[in-house]
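Colleague: Could you take me through this model? I would like to begin with the overall layout and then look at the helix packing.

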Amino acid sequence: MLSVLRTDFLDSLSSRCNELEQYILKLNGKNRDCEEFEEVYRIVHSIKGAGGTHGLPLVTSICHYFEDLLTSPRITLFTEDFADQALQLVDLLQELSISSDDSGKVHEIEAKLGFIRQVNKAYLGVVLVLEPSKVLRLLLQQLLENMQLKVVFMQESLQALQRLLTEPFDLIIVSVELEVLKGPALISAVQVNKGLNADTPVMLLTSQLNFQPTGLSGVKVLARSPLLAQQLEPEIRAILADNYKNAANQQF
């Protein structure tokens, strides 16, 4: 009986993938507050559950990644880039629908999924870092990447200002002690501009004791110390949680 149900599921998987593909294409240019998103998520979630029920762990793995992609806080509008990634996953499910009993093919599909994960890594957010210390940059890179965050390192404050005025970021980590444009002055320019990152949370790193910036909002000051990594991690996780809640409230 179970084998019959498993076969029925695999037989129907191809048509469900075709349906999924149509909804993904219709998502282009829309946000989560639409019928197409609800249908895509419903189909993926249903396939994931059936994969677990019928002993198809690779189906479940593909759908887990698919759900992560659909709910990524970085996505506020579904674009062609999203569609390309989503359709790659649909293709894997299509392949699996006709190759689930071929161990060689299953390994190939697993490898393809691993490659997709690596190339199209679903980051939880993007962080701009402007810090002159090479040692501290390495520490921040390891910490942030382990938290599944994409890190954009900048070398000069004026170049960083240009990017902050034209690209959205989820967090800004800046040293107070910078050349040309000091950290607080850089953040002040961003906030006064009232552009993409006017409300982006900021962490200022400093060697100065009792440093307190004036005229800035949403800024956390952290002292450089051997315990910096331990101090940063819970702060960053709290910021990401707030960002996700705000994004969800805006979408729904």
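This is a predicted model: local features need pLDDT of at least 70, side-chain atom pairs count only at pLDDT 80 or more; totals for chains, interfaces and linings use all residues.

Colleague: How many helices and strands does the protein chain have?

Modeller: The secondary structure comes to nine helices and five strands. Read from the N terminus on, the order of elements is α-α-α-α-α-β-α-β-α-β-α-β-β-α.

Colleague: What does the C-alpha trace span along its principal axes?

Modeller: The span of the C-alpha trace is about 70 × 35 × 25 Å. Of the 252 residues in the protein chain, 43% are buried. As for contacts between residues at least 6 apart in sequence, 67% of them join residues at least 24 apart.

Colleague: Let us turn to the helices. At what angle do the axes of α2 and α3 cross?

Modeller: The axes of α2 (residues 35-53) and α3 cross at roughly 155 degrees and come within 8 Å. The two helices are therefore roughly antiparallel to each other. The crossing of α2 past α3 is left-handed.

Colleague: Which residues make that contact?

Modeller: From α2 the contact has Phe-37, Val-40, Tyr-41, Val-44, His-45, Ile-47, Lys-48, Gly-51 and Gly-52, and from α3 it has Val-59, Thr-60, Cys-63, His-64, Phe-66, Glu-67 and Leu-70. By class, the contact of α2 with α3 divides into nine nonpolar, five polar and two charged residues.

Colleague: And α3 with α4, at what angle do those axes cross?

Modeller: Helix α3 (residues 57-70) and helix α4 (residues 80-99) have axes that cross at roughly 165 degrees and come within 10 Å. Because of that angle, α3 is roughly antiparallel to α4. Here too the handedness can be given: α3 passes α4 in a left-handed crossing.

Colleague: Which residues of α3 and α4 meet?

Modeller: On the α3 side they are Leu-58, Val-59, Ile-62, Cys-63, Tyr-65, Phe-66, Leu-69 and Leu-70. Their partners in α4 are Phe-82, Gln-85, Ala-86, Leu-89, Val-90, Leu-92, Leu-93 and Leu-96. The contact of α3 with α4 has 15 nonpolar residues, one polar residue and no charged residues.

Colleague: Now something further along. Which residues of α7 are buried?

Modeller: Ser-157, Ala-160, Leu-161 and Leu-164 are the buried residues of α7. Seen down the helix axis, they fall within an arc of 105 degrees, so they line one face of α7. They pack against β1, β2 (149-154), β3 and α8.

Colleague: What about α8, which residues are buried there?

Modeller: In α8 (residues 183-193) the buried residues are Gly-183, Leu-186, Ile-187, Val-190 and Gln-191. Their arc around the axis is only 130 degrees, which puts them on the same side of α8.

Colleague: What do those buried residues pack against?

Modeller: They pack against the strands β1 (125-130), β3 (171-175), β4 (202-206) and β5 (219-223), and against the helix α7 (157-166).

Colleague: Which residue follows α8?

Modeller: Lys-194 follows α8. Its phi is near 55 degrees, a positive value in a residue other than glycine. Most residues other than glycine have a negative phi.

Colleague: Is Lys-194 buried or exposed?

Modeller: Lys-194 is exposed, with a relative accessible area of 69%. It lies in the loop between α8 and β4.

Colleague: I also noted Asn-210. What is its phi?

Modeller: Phi of Asn-210 is near 60 degrees, again a positive value in a residue other than glycine. Asn-210 sits in the loop between β4 and β5. Its relative accessible area is 76%, so Asn-210 is exposed.

Colleague: One last residue. Where is Val-106, and is it buried or exposed?

Modeller: Val-106 is in helix α5 (residues 103-119). With a relative accessible area of 16%, Val-106 is buried, the cut-off being under 20%.

Colleague: Which residues is Val-106 in contact with, leaving aside its neighbours within four places in sequence?

Modeller: Val-106 is then in contact with Leu-58, Leu-96, Ser-99 and Ser-100. Leu-58 and Leu-96 also belong to the residues through which α3 and α4 meet. Val-106 and Glu-95 are eleven residues apart in sequence, and their C-alpha atoms are 8.8 Å apart in space.

Terms used
Residues are numbered from 1 along each chain as its sequence is written. Side-chain values use heavy atoms; hydrogens and water are left out. Buried means under 20% relative accessible area, exposed over 50%, partly exposed in between (1.4 Å probe, protein chains only). Helices (H or I, at least four residues) and strands (E, at least two) are DSSP runs, numbered from the N terminus. The arc is that of the directions from the helix axis to the C-beta atoms. Contact means heavy atoms within 4.5 Å. Axes are lines fitted to C-alpha atoms, for helices over the stretch in contact, and angles run from 0 to 180 degrees between N-to-C directions. Angles under 35 degrees count as roughly parallel, over 145 as roughly antiparallel, 65 to 115 as roughly perpendicular and the rest as oblique. A crossing is left-handed if the near helix is turned anticlockwise from the far one by less than a right angle, and right-handed if clockwise. Ala, Val, Leu, Ile, Met, Phe, Trp, Tyr, Cys and Pro count as nonpolar, Asp, Glu, Lys and Arg as charged, and the others, Gly among them, as polar.
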